[in-house]
Amino acid sequence: MALIALFLLPVCGGVLAYVIAGRGESERWVTLATFIAMLLLLIGIVAGAPDERWMARVDLPWVPTFGISIIFALDGLSAALIGVAAVLGIICVMASWHEIGTDSGLFHACLCWTVAATLGVFMSFDLLVFAFFWEAMLVPSFMLIAVWGHGDKEGAALKFLIFNAVAGFGLLAAVFGLASMADHMTFNAFELAGIKLSTPMQVWLLLGFSLAFMVKLSIPPFHAWLPEAHTLAPTAGSILLAGLLLKTGAYGLFRFSPMLFPDAVAVVAPYGIALGAAGALYGGLVACGQTDAKRLVAYTSIAHMSIVLMGIAAGVQYALAGAAVEMMAHSFSASALFLMIGALYERTHSRDLRDLGGLQQTAPRFAAAFAIFCSALLAMPGTANFVGEALIVVGIFQVNWMFALMALSTLVVSVVYATRLLKGVVFGEARFKGAFADLSWREYGPALVLAAATLIVGLYPQSLIGLVEPAIKAALVSPSP
Amino acid sequence: MTAAQLVALSPLIALGLGAVLAMMLAPLPNATAARAAAAGGMGIATLLVMLRTGAPVAAVDSLFVDDGLARFGTGFASLTCLGALLYLRVGVAAKEAPALVALVALGASALAGAGHAATLFVGLEIVSLALIALFAFPLSRPALEAGYKYLVMSGLASSALLLGMAMIFADTGSLSFSGWSGQRPLFALGAALLLAGIAFKFSLAPFHMWTPDVFEGAPAGTAALAGVVSKAAVAIALLRIAGEAKMPEPLWRDGLAALGAASILIGNLLALRQQLLPRMLGYSTIAHSGYIAVILATGVPFAGEAVLFYLAVYAPALIGALCGSALFGTAPTLSDLRGLARRRPVEAMALSTALLSLAGLPAAGGFIAKLYLFRALVVTEAWTLLIVVVIGSSLGFYYYACFILAPFLGAASAEPPHSRRPDRALLMVCALVIVLFGVAPMLLIDLVQTVLPGR
């Protein structure tokens, strides 16, 4: 029941924020309180969890006529992602305290509902409900971009919506296909995992699932929606997109493809690794050529998500652990960079690397934090990103050394774009002439929290790996050598 | 006529008395009395139906059957007519309007219990004639056009219907549905004509031409009567025919399937580029008729359950959408709706909920209705129809999404017209019912299952 409460918290928080908006800053406080309560409840659930595969489970019949149930289950992987969701939620509220003026009630409701829908994705094991949340998260995040974005926001939001909704139909079709294979009407993933399917059938269904996951992960060539959506979204929208929505794709691949289609994963894996390697290289190279800081970070997201895809596709213990760590690490670093670029834009009204620079003199706090996250971007040892990428490369070496070399080469590219970003914003000649106020506590606090998370996971990775271990074991398709 | 038969007919009697009383009160300077009389009739009918839930099946000769299906139809018609009456606005002249709405409810109730061709015809005619008057009442050009179109096409359909019934009678010697069986050519021809006549009332393509004009031109509220009440009554009549008569196959089912598929494609395609909300709803209602017809055509054992569920979630969605449309001006366009969420956040959200249900998206009852449809098609392995439905629904997602999202996008437009409290209340109730059926569909599924005969 705790899981239902966990899910209902942001749903109700959003409704409340929408209804009471307009009285001072009430909606901001309500949303903040919602996310803090969510985080506390999650910590409570995890702390009081029995030492089993699932920390908590609920199974309620919803529409028995169609075999649809509300099956929520929480393990370390889900818990870690939900924890990130709650923290990012808090950060989003703080980051948009001044940025969002109009319709702030609806804005905060959309924040809450985006988080609520991703929570549903991270916990649901009824595939129809999972597919429902998958589609449901698009609507509030669409609004975040379309209403409070910059420039051609509606175009970018529409692109985001169409890409992801169409891919979502692929998921829905595959879910229906899979459910129709069972001898009775059910969408329960645990039951559906038990039915024996021929390998070609598994491959087809897996392709349906993967279409949705790949588009959400924005693996090239399915990435076209991402750069614009990320660039034109408001800061909070970019944070949620990068930190949370992209992770739903990784989560889906991680969780459901080995669970439902073990034979197909073995067949498809080499293609997945190759696609990931190509995507990582492509994303990294394009990022090197960007002058818009936000667009640059958006392309690094493509590169990093492609690396995650490689890790998941490799399917060995090291690589899966690396993928799990890299998912979190990317949430921390990309969200923090979007947060800080948002702060930068609020002050200078520019994100162009050619107009910026030299902030280490005027804004030391900004410069320090920015430097930490740029080093995370290039996977400097000591950051969580290093642990993730190193483990993934090690894992891929066990599978195929050619792909591992490709993965390594992307790390070289990451050094180029990360230093370019760092130099363009923080070092060099100060080209922005106006006064530049250093980060306020509202911006610095979240940045510090994310930096701490990056460093803690980077220096003591077992803290995270231990938590997601059971999920990794379940996702292993072949025993590690 | 025995007392038991009178009791069985009591909801219809209440509706009829309400209509007569409303007609007599119409000349009074204040329209409230007539409204109250009609509403009272419909309210009492609803209550009587609820009281009679679970009572044994009673037949009034062979003309009228009082079973769960009929009770469901009567309660459904009374409730939806009550909702439509609430936001009915027809110029100053039309004090007779409440009486006409009560007549629509009466006709629909008769249809729901029709076990005989005579009742079927009389029920259809009561509904159609009352609707013609309601459509034309504002006497404006679009309203007259809507009324006139409906009149002409309704006349055509009625003659087809009568001719079909005559042929069936000539062949089978029976006007009762239960006596209809066979495969002879005359019977088949009669059945085809009957189907064409019914398809008109059901706004199935290619007999759909009147629908968008009615939705655009007729007064707010009457479109809901045409789109929900008459459609539901006809669907229930079709269910009963499928249950009691042995229609010539494959003509009957294939005909229904073809009409349904055509409606899905034509309705959704034509709705795609509509800028006027009510006109879009007019085309979408054609598509929804198509979905229902397709369910009926599959003939699956749970077809009745599926159709009743579909109707029950469709009613609040269409009424809510039309009511929302009336709230934001007589015929709001897509650009009129932009930015409305800033002025009327709650109403905009409710309107979007109604449209969400029409699109068949989750969290709204329409989603479960779509699941029924898909299940029926998968179970019967009707792959062609499935593809048609998938194409239609995908098109639907697009145009509904435009209207769902419009109120939340763009700058705040001019102040929308003043909204009356009953309208707002009705819209809220519809939105809540939609969400309730979407979140807890078993409530409705259980109800529908108890209503159906043979369970």
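**View 1. Contact between chain B and chain A in the predicted model.** The contact (heavy atoms within 4.5 Å) takes 24 residues from chain B and 21 residues from chain A. The two chains bury about 2,000 Å² between them, and carbon and sulfur atoms give 78% of this area. Buried area here is the accessible area (1.4 Å probe) that two parts lose on being put together, summed over both. On the side of chain B, the residues that lose the most area to chain A are B:Leu371, B:Arg375 and B:Leu405, together 24% of what that side buries.

As a predicted model, it is treated with thresholds: local features need pLDDT of at least 70, side-chain atom pairs count only at pLDDT 80 or more, and totals for chains, interfaces and linings use all residues. Residues are numbered from 1 along each chain as its sequence is written, chains are lettered from A and ligands numbered from 1 in the order in which they are written, and side-chain values use heavy atoms, with hydrogens and water left out.

**View 2. Polar and charged pairs across the interface of chain B and chain A.** One salt bridge is counted between the two chains; the term requires a side-chain nitrogen of Lys or Arg within 4 Å of a carboxyl oxygen of Asp or Glu. A:Glu154 and B:Arg338 form a salt bridge, with 3.0 Å between the closest N and O atoms.

Helices H15 (345–359), H16 (365–379), H17 (383–405), H18 (421–439) and H19 (441–451) of chain B each supply at least two residues of the side that touches chain A. Helices (H or I, at least four residues) and strands (E, at least two) are DSSP runs, numbered from the N terminus. H16(B) gives the most to that side, with five residues. By class, the side of chain B that touches chain A has 18 nonpolar, two polar and four charged residues. Ala, Val, Leu, Ile, Met, Phe, Trp, Tyr, Cys and Pro count as nonpolar, Asp, Glu, Lys and Arg as charged, and the others, Gly among them, as polar.

**View 3. Aromatic pairs in chain A and chain B.** Over all chains, the whole structure holds 34 aromatic pairs. Rings of Phe, Tyr and Trp (its six-membered ring) pair if their centres lie within 6.5 Å; planes under 30 degrees apart count as stacked, over 60 as edge-to-face and the rest as tilted. A:Phe72 and A:Phe133 make a tilted pair, 6.5 Å centre to centre with 40° between the planes. This pair links strand E2 (residues 68–74), which holds A:Phe72, to helix H5 (residues 127–136), which holds A:Phe133, 61 residues apart. A:Phe72 is buried at 2% relative accessibility, and A:Phe133 is buried at 6%; buried means under 20% relative accessible area, exposed over 50%, partly exposed in between (1.4 Å probe, protein chains only). B:Phe177 and B:Trp180 are also a tilted pair, 5.1 Å centre to centre and 55° between the planes. B:Phe177 and B:Trp180 are buried.

**View 4. Salt bridges within chain A.** The whole structure has 21 salt bridges over all chains. A:Arg53 pairs with A:Asp75, the closest N and O atoms being 2.9 Å apart. A:Arg53 is partly exposed at 29% relative accessible area, whereas A:Asp75 is buried at 0%. A:Lys159 and A:Glu228 meet in a salt bridge at 3.4 Å, N to O. A:Lys159 lies in helix H7 (residues 153–181) and A:Glu228 in helix H10 (residues 226–232), so the pair ties together parts 69 residues apart in sequence. For A:Arg347 and A:Glu443, the closest N and O atoms of the salt bridge are 2.8 Å apart. A:Arg347 lies in helix H14 and A:Glu443 in helix H19 of chain A, so this pair ties together parts 96 residues apart in sequence. A:Arg347 and A:Glu443 are both buried.

**View 5. Surroundings of A:Ser333.** A:Ser333 sits in helix H14 (residues 317–348) of chain A and is buried at 0% relative accessibility. Not counting residues up to four places away in sequence, A:Ser333 touches A:Phe373, A:Ala376 and A:Asn385.

Methods
Polar contact = N/O pair within 3.5 Å; in protein donor to acceptor, adjacent residues only side chain to side chain.
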